[in-house]
Structure formats: structure tokens, C-alpha cells
Amino acid sequence: MGLDDQVEKMQMRQNYRNFWHTNLLSTVVADTPYCCFALLCGPCASYMLRRRALYNDMSRYTCCAGYIPCSGKCGESKCPELCLCTEVFCCFANSVASTRFLLQDEFNIQTTQCDNCIIGFMMCLQQVACICSLVACITGNDEIGDIAEALTCLADLVFCSVCPCIQTQHKIEMDKRDGKFGPQPVMAVPPMQQMSRIDQPTPPPVGYPPQQAYAPYAQPPPPYAQGYPPGGYPPSAYPPPPPGAYPPAGYPK
């Protein structure tokens, strides 16, 4: 992988959408025993994490996960276990960083601003200590040499504190990958909802042809007085009852 490819890959990692399951500040509390193990035996932890990141398939192993120019040219295919042991002991910092890049590219994990600040401070402190050591060697000034030694000790202390947290962060992420935290909830996309709006057009009828509206009467209907009963309603006079029909016989008058 060339320098341009590495720069492009680093820019792509800034657009990743996922996050680490645990940030660097919480790793000590999240898994204290493993953090202590990584502090006491960092190369062993790096070996186990890289092997686990490759799903225990060492045929996939390349030196520093393919992120340095000599990757794939060190005879990894013949003896990957020996090459990994050499990597974690001789290039320990690169082995930790390579495992980190491998997990980030696999799971689209971006690094938070807090993690970037911690890792950046560690790297800057190491660079300043190295520069001071070079200046002390060139000038032979004892005071600069004392400052360089103090900065070197401080840089080593910070590295020994941050690196176990980084390895613990990798371990927790792979625990999540392997389902050791139980099944993770799956976020499903909610169904599309249609809102009721009064300005929506009326949907076409289904199954029946559209019915025509009744036209209003052109003229008012004729009044009942003109048709029934004859002569209008009510009748002008009722016909008299037949003689002897009312009142009935025997009814008191």
C-alpha cells in the first residue's frame, strides 16, 4: 500500500458512521482484568488480538495487516505464526495500530475526538522527546539531555498507559462482534406513514363506475292540492252520515 493509498484510506475512515463500543476513557472500567493483562504483557495481547481479528485464520495474515510497504514480502504465507510473533515483539506499536486499522475498516468504525486527542498527545510527546534527544546528542548540552530524558520517561509512561486501553478497546469490540454481549437489538426501518390532508385529490373509485349526481329540480313539484284529493286538501265539507247511523241505538242523548 503506497503513501497515497494510506492517505486516502485515512480520509475514508473519517466518514465512517459506527463508533467503538467503548471509548478509551472507559476501557479500564469496562474490562479491568484484560487491561491489566495488556499492561503486563502487551506483545502477548497484541498477538492474540490480531489472530482473533483474523477469525483465527492465519492464512489471511500479512505483516502489519498490509498497511506498510513490506507487507506480503516477509514470507508470511510460509510461517504466519512466526512472522506474527516477530511483528508483535519487534514492531509492537505498529502491530497495535495495524489491528486497530483492520477493525476500523471491517466494521466502519470512526475514532471519536476524545480518542484522537489521547492518541495524538501520546504520539506528539514521543516525537518531542525524540527531537530533544537528537538535539542533546548533537549539541552535547547536559541540560537539554536532562530535558530529553524527562520527556522520554513521560512519553514512555503515557504510551504504557494508553496502549493497554487501546488493546482493551479492540478486545471489547471483538466481544461485541462474537456475540458475547448477547443479541444486539436490530433497528428496523419504520413503515411509511401517509398523512391525511384535505388538499389531496379524491382517489378514483374501485370496482364500481362513478355515479352521476342528481340534477336539481328545474321546477318545484306540484302541490298535493292539485292532484289529491279532488278539490284540494282538506276537503271543503265531509258528507253527512246516513240517517239512523249516528248516534247508535241505545246511546243516551
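Start by selecting helix H4 (residues 42–53) together with helix H8 (residues 142–177). H4 and H8 pack at an angle of about 30°, with their axes 10 Å apart, and are therefore roughly parallel to each other. Angles under 35 degrees count as roughly parallel, over 145 as roughly antiparallel, 65 to 115 as roughly perpendicular and the rest as oblique. The axes are lines fitted to C-alpha atoms, for helices over the stretch in contact, and angles run from 0 to 180 degrees between N-to-C directions. Helices here are DSSP runs of H or I with at least four residues, strands are runs of E with at least two, and both are numbered from the N terminus.

A word on the model itself: it is predicted, so local features need pLDDT of at least 70 and side-chain atom pairs count only at pLDDT 80 or more, while totals for chains, interfaces and linings use all residues. Residues are numbered from 1 along each chain as its sequence is written, and side-chain values use heavy atoms, with hydrogens and water left out.

Stay with the pair and show side chains. H4 passes H8 in a left-handed crossing, meaning that the near helix is turned anticlockwise from the far one by less than a right angle (clockwise would be right-handed). On the H4 side, the contact (heavy atoms within 4.5 Å) is made by Gly42, Ala45, Ser46, Leu49, Arg52 and Ala53. H8 contributes Gln167, His170, Lys171, Met174, Asp175 and Arg177. Colour these by type and you get 4 nonpolar, 4 polar and 4 charged residues. In this scheme Ala, Val, Leu, Ile, Met, Phe, Trp, Tyr, Cys and Pro count as nonpolar, Asp, Glu, Lys and Arg as charged, and the others, Gly among them, as polar.

H4 passes H6 in a left-handed crossing. Select Gly42, Pro43, Ser46, Leu49, Arg50 and Ala53 of H4, then Phe92, Ser95, Val96, Ser98, Thr99, Leu102, Leu103 and Glu106 of H6, to see the residues that make this contact. They divide into 7 nonpolar, 5 polar and 2 charged.

Move on to Cys91, in the loop between helix H5 (80–90) and H6. Cys91 counts as partly exposed, at 36% relative accessibility; buried means under 20% relative accessible area, exposed over 50%, and partly exposed in between (1.4 Å probe, protein chains only). Draw a distance from the C-alpha atom of Cys91 to that of Pro43: the two are 48 residues apart along the chain and separated by 9.4 Å.

While you are looking at cysteines, how many disulfides does the whole structure hold? The search finds 0, where a disulfide is a pair of cysteine sulfur atoms within 2.5 Å. For Cys160, the nearest cysteine sulfur is that of Cys163, 8.1 Å away. Cys160 is partly exposed, with a relative accessible area of 41%. For Cys165, the nearest is that of Cys35, at 4.4 Å; Cys165 is buried, with a relative accessible area of 12%.

Now select Trp20, in the loop between strand E1 (18–19) and helix H2 (27–30). Is Trp20 buried or exposed? Trp20 counts as buried, at 7% relative accessibility. Leaving aside neighbours within four places in sequence, its contacts include Arg100, Leu103, Gln104, Gln169, His170 and Glu173. Trp20 and Phe107 are 87 residues apart in sequence and 9.5 Å apart in space, C-alpha to C-alpha.

Tyr55, in the loop between H4 and H5, has a positive phi of about 60° although it is not a glycine. Asn108, in the loop between H6 and strand E2 (109–110), is also a residue other than glycine with a positive phi, near 55°.

Finally, zoom out to the protein chain, with its 9 helices and 2 strands. Of its 253 residues, 28% count as buried.
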